4 protein chains.
Amino acid sequence: MSHNSFGHLFRVTTWGESHGPSIGCVVDGCPPGISLTEAEIQVELDRRRPGQSRFTTQRQEPDQVRILSGVFEDDKTGGPVTTGTSISLLIENVDQRSKDYSDIRERYRPGHADYTYDAKYGVRDYRGGGRSSARETAMRVAAGAIARKILKGVTVRGALVRIGEHEIDRNRWSWDEVGNNPFFCPDAVMAERWADYLDGIRKAGSSVGAVVEVIAEGVPVGLGEPIYGKLDADIAAAMMSINAVKGVEIGNGFEAGSIRGEDNADEMRMGNDGKPLFLSNHAGGVLGGISTGQPVVARFAVKPTSSMLTSMRSVTRSGDDVDVMTKGRHDPCVGIRAVPVGEAMLAIVLADHYLRNRGQTGADALA
Amino acid sequence: MSHNSFGHLFRVTTWGESHGPSIGCVVDGCPPGISLTEAEIQVELDRRRPGQSRFTTQRQEPDQVRILSGVFEDDKTGGPVTTGTSISLLIENVDQRSKDYSDIRERYRPGHADYTYDAKYGVRDYRGGGRSSARETAMRVAAGAIARKILKGVTVRGALVRIGEHEIDRNRWSWDEVGNNPFFCPDAVMAERWADYLDGIRKAGSSVGAVVEVIAEGVPVGLGEPIYGKLDADIAAAMMSINAVKGVEIGNGFEAGSIRGEDNADEMRMGNDGKPLFLSNHAGGVLGGISTGQPVVARFAVKPTSSMLTSMRSVTRSGDDVDVMTKGRHDPCVGIRAVPVGEAMLAIVLADHYLRNRGQTGADALA
Amino acid sequence: MSHNSFGHLFRVTTWGESHGPSIGCVVDGCPPGISLTEAEIQVELDRRRPGQSRFTTQRQEPDQVRILSGVFEDDKTGGPVTTGTSISLLIENVDQRSKDYSDIRERYRPGHADYTYDAKYGVRDYRGGGRSSARETAMRVAAGAIARKILKGVTVRGALVRIGEHEIDRNRWSWDEVGNNPFFCPDAVMAERWADYLDGIRKAGSSVGAVVEVIAEGVPVGLGEPIYGKLDADIAAAMMSINAVKGVEIGNGFEAGSIRGEDNADEMRMGNDGKPLFLSNHAGGVLGGISTGQPVVARFAVKPTSSMLTSMRSVTRSGDDVDVMTKGRHDPCVGIRAVPVGEAMLAIVLADHYLRNRGQTGADALA
Amino acid sequence: MSHNSFGHLFRVTTWGESHGPSIGCVVDGCPPGISLTEAEIQVELDRRRPGQSRFTTQRQEPDQVRILSGVFEDDKTGGPVTTGTSISLLIENVDQRSKDYSDIRERYRPGHADYTYDAKYGVRDYRGGGRSSARETAMRVAAGAIARKILKGVTVRGALVRIGEHEIDRNRWSWDEVGNNPFFCPDAVMAERWADYLDGIRKAGSSVGAVVEVIAEGVPVGLGEPIYGKLDADIAAAMMSINAVKGVEIGNGFEAGSIRGEDNADEMRMGNDGKPLFLSNHAGGVLGGISTGQPVVARFAVKPTSSMLTSMRSVTRSGDDVDVMTKGRHDPCVGIRAVPVGEAMLAIVLADHYLRNRGQTGADALA
């Protein structure tokens, strides 16, 4: 959880800039013997890949991942498995178009990290946002694909639940719909409305915010380390570390600040299997920082990108006032592609805590 | 950020249970030469101390802190200063009343960590919630007092902005009011309304949620480590790790998910001092995970406690259904006392990042 | 492994100065359900306690340890067990005699950390060496006692194998002898010779170096994390972090730098139990950073203390030349009391790696 | 200091197997604005490169390094500088000859990590030792080259001081000689003797151990964190983590265990520059875990490789006795190529502690 690394036992370190030769990551601490192929990682990457609809950036990147280390043929199955050593993943940058970005060398785009990187480091790779570009999130998705392989029996899924002023109707929620529209929207009716709405935003050269919900089902009870390694605290950090995210909530979230204890409580009864059963899930699957065995539910808000056709007031590196307008390709709603990224981060946090819990308590909660 | 430790260079490790002999913490990595007295820490502890109004738990704890190590007389000033070694702080538990809690030995209180601790560890100190009690937050406040001493020129303040359905009017915001009422409320009119409202909640044996806002002014530009040590990601983890917190947001927060880019942008112009000046602060003082130099603004939602006079369905350790009702003292709105805790956590994150930035870049941003 | 903390999953943080009110530690990440009493820790502390013979410092410290948190009565056994939360241990300093040390406020004792602490921190607790005093090692022994409880079936023992020019005869090695003399010497003949030798050193107001050997038997195969968490690398750091230690070796150690491959190899054959059996242990129980299942053998050299009756040239804080002679109590051979400290550090490293291996691989190597 | 990462603020993560497509590392936490080219790293890699004399393995690897991220043209100097983000380095494996190693798939080579990797992970890349191969040390040297760039004014050099029974004569020590022979030997006379000696070892298909000494001059006073981040403890871990290393010592090292205090002391006098001056350096530049300002001196013993033409008893994966003899290329004295690796590790530890000290104390010790 410092610089470019995330996780404690299952630890992901990413590198690379938007317009450098390649991007990559090292996944360290992965358990041995997990079957893993490039194709399995590719499936997840393809869900995040840009240029798949008119609603996301038109940058064309095949995002073909290569596994450079840490996986070897297993003599038992003959297939490739993790060896317990560091796994290196690499994706070449293909569609770099550096010329598009030459004019932002001197100008700080408002709402971007241009100014803060420069103020902190004194130098920055300005091409396409360099290190601060959301291109980095491809490696989160790749690492998340490995985390998913560790989480046997756990399903991590996400959906977009709001674009701007339009929120889905939860009564119409269908996971099957999520793959049927370019928004990861679980509400077929809303997906159509969003298409119109976002076309308007896009044509106006504007942008709009969104809210993503990610849910993990099958999470065993007992994951999370009080007091400062709480499962929800790590989820909060994970989601907030995604580009453009400005808020995170678990279960009832901010609504819990507005209601009474009677309405927020999750009562319990013994289930037929002899295990405690929660009668509701306002807590979002976490109590005292430890998973309850119910679905873990997190939501996060993604701000509208500041890359717009509207001219905005800003300043230059050398200290002059300037007006900035973002031409060229961009996402009218960056929240859309944040869905697989949020899923990946949730999977990474859960995999890490699965190993951490196994280390301390000896319980193999997913066995 | 694991188990009972928080922070990377400025690192806080807490210990102790609600009804053990004492609670304490070790603050490691503190810069040397910072003047520090027990009285300075006590001032902050007294703001969090229980039993100061009818709206918080009636547990009587003087919370007298002792410094056991890491501070020594400076031969230059003659006063006590930090020595750069580990600082140990200890508070005796006085008002323990263990008998009040004997009936929760077997029963899991809904909405509490009783069940999850038991499921994870197989054993728990059930007295007053043991380790999961908010009593632990006293040590956060104590450690935060040290963090404040490091943050020269930075002011970290907090306020309660919502209790249940009643939110303050920001036009009436006055920091001077915060100390004039038992709610840390910056809105004098709302403070009176809350008193009535909370009396009703309290008499009904109910509880209610709240929202806290914490603001750090004077934060220099450049604090925060992309990609996975972002300032806002660490703030999110810090706040979410506080007992009963279910959501965190920075700047516009979740509202950013509902609006357009034009309404969320923070335009810039050169200021009179030759530095860039932001014309608004929708970002809450953080861009790309790095502080902008504007006030850092975070909000978090605190759920209503599940300790209520209403009978709730639950189960026992041994697997029987049971109904649980919480008699005895409790906070009708645990969000109130979360205000100084939120401030402390923000100060700890900022002090840690101040040192981290100084380590990597060599810039003493607060000099 | 930074500042005042050691270990990754089983993590020990110590605090306190030689002449402060108390010293202590926090043991974090301990598995739950381990039975643990103050008496069990006390047994180990008593082995390190000063003033037990004329060969160690005459400082009188009962070193009575108290457990302040992290242990609670188990409802299954009725006895106290670890709860999985942070364990706080505290020992009061009793025999402080601050007056003895007032003259070293201004003078840097050669060979001590006086100058380096001052140069680094600008301030130091000079009383008895403050934080740099070997008094800190009491908490290592206490934490090591907890580590031993985790290491079911593992025996960690140590012995002094050299004092100055006199090395033991390994043919006379008897573990039973170690408790029969004030030197932790496994060679009864040498123990008598050391007594005479050290009396001479002591009466001359001189000091002498020593070599300690620590051995862990019953260590399962598979502990240690290549490449940078190697078991032997962590042991090296652990031993070198003990006061006055200047060298560490594993198995054949430095001798391996002088011999041929044929003489250093450990050949293997299948054992009767169907497991590989090593025919020798030149490797000291570690290959490629991972334990082999053989005894883990480490040795470390402890320098002679610079506290002597001989006058030594030095300088003052204010920059004047001065001659320094150490009156008062001190250890003529600090290596003696380093034996239980070395054992404790080995136990801590092994406990940490036991949990780390369990976390990554899921194998409960000690089950 | 876990799995495949080393360092705290300056953090190196390596990946890759001996016969995979490539090896690499990520250097995280590097200060921004450090000028850095591939050529500067290549110079160091070329010193470690195999196949440069008849005394090292004949594997032919050009070891051409590529910088994939974290470096960008500086607009002030026009040259490439570090940006403060993660630096990714990659080297293609060229001369893999996998066929040579097919027969070790089933057989555990004695003295190698074959058995322990298999026992721990259940699977291993057996080709050329896979992850446990010394090929990994190329990335240490590459990362060390970056560390050197940070350490302005510090010179880190190493030399081989012993091969088997032949130790250099320190009176003949000349740094200029180190580059004049294939052994990094500072003693021209001994270098010739070693050539003969090692030819005999090589022709006999045997191997022999060695001792390396690494020295850092220009290290400022104040680097190192007591108690558990001591400079010498981190050096010990760093050296012990190098393949085949079995012992580490600082300054007088193990000799300190044999002598009296009077002979081990480093007296002090005020120097002409108004700073304390040590009159000797038995401590090897570290007191109380903190650098003294004198040269930091470390030595480490490298065992003879077990890859020999002599037949050794061993076992197979499937549990049969077998005799193993290593044909093909190997190093008769792996200690030779450990010299640049030891230098690199010392540089990495010093760079890390330089940043750590700057973070905590604010002192830019190298400015």
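Which backbone oxygen does the side chain of B:Arg269 reach? Select B:Arg269 and look across to chain A: the side chain comes to 3.1 Å from the backbone oxygen of A:Val322. Keep in mind as you go that this is a predicted model.

**Stop 1: around B:Arg269**

Stay on that arginine. B:Arg269 sits in strand β12 of chain B, which covers residues 268-270.

**Stop 2: a hairpin in chain B**

Next, select residues 312-315 and 321-324 of chain B: these are strands β17 and β18, running antiparallel and joined by four bridges. Click on B:Val315, whose bridge partner in β18(B) is B:Asp321. Five residues lie between the two strands of this hairpin, and B:Gly319 there takes a positive phi near 95°.

**Stop 3: a sheet in chain A**

Hop over to chain A and colour its strands β1, β2, β3, β7 and β4. In that order they make an open sheet of five strands with antiparallel pairing. Strands β1 (5-6) and β4 (65-67) of chain A are at the edges with a single partner strand each, so one side of each has no neighbour in the sheet. Zoom in on β4(A) and its antiparallel partner β7(A), residues 87-92, which pair over three bridges. Here A:Ile67 stands opposite A:Leu89. Then show helix α1 of chain A, residues 38-48: this helix packs on the sheet and touches β4 and β7, with its direction at about 150° to that of β4(A).

**Stop 4: where chain B meets chain D**

For the last stop, show chains B and D together. How many residues of each chain are in contact? There are 13 from chain B and 13 from chain D. About 1,000 Å² is buried between them, with carbon and sulfur atoms giving 53% of that area. Highlight B:Arg358, B:Gly359 and B:Gln360: these supply 47% of what chain B buries against chain D, more than any other three residues. On the chain B side, the residues touching chain D are five nonpolar, seven polar and one charged. Between the two chains you'll find zero salt bridges, but nine residue pairs in polar contact.

How values were computed:
Residues numbered from 1 in each chain as written. Chains lettered and ligands numbered in written order. Predicted model: local features only at pLDDT ≥ 70, side-chain atom pairs only at ≥ 80, totals over all residues. Heavy atoms only, no water. Polar contact = N/O pair within 3.5 Å; in protein donor to acceptor, adjacent residues only side chain to side chain. Pairing = 2+ DSSP bridges. Contact = heavy atoms within 4.5 Å. Axes fitted to C-alpha atoms, helices over the stretch in contact; angles between N-to-C directions. Buried area = accessible area lost by both parts, 1.4 Å probe. Salt bridge = Lys/Arg side-chain N within 4 Å of Asp/Glu carboxyl O. Nonpolar A, V, L, I, M, F, W, Y, C, P; charged D, E, K, R; others polar.
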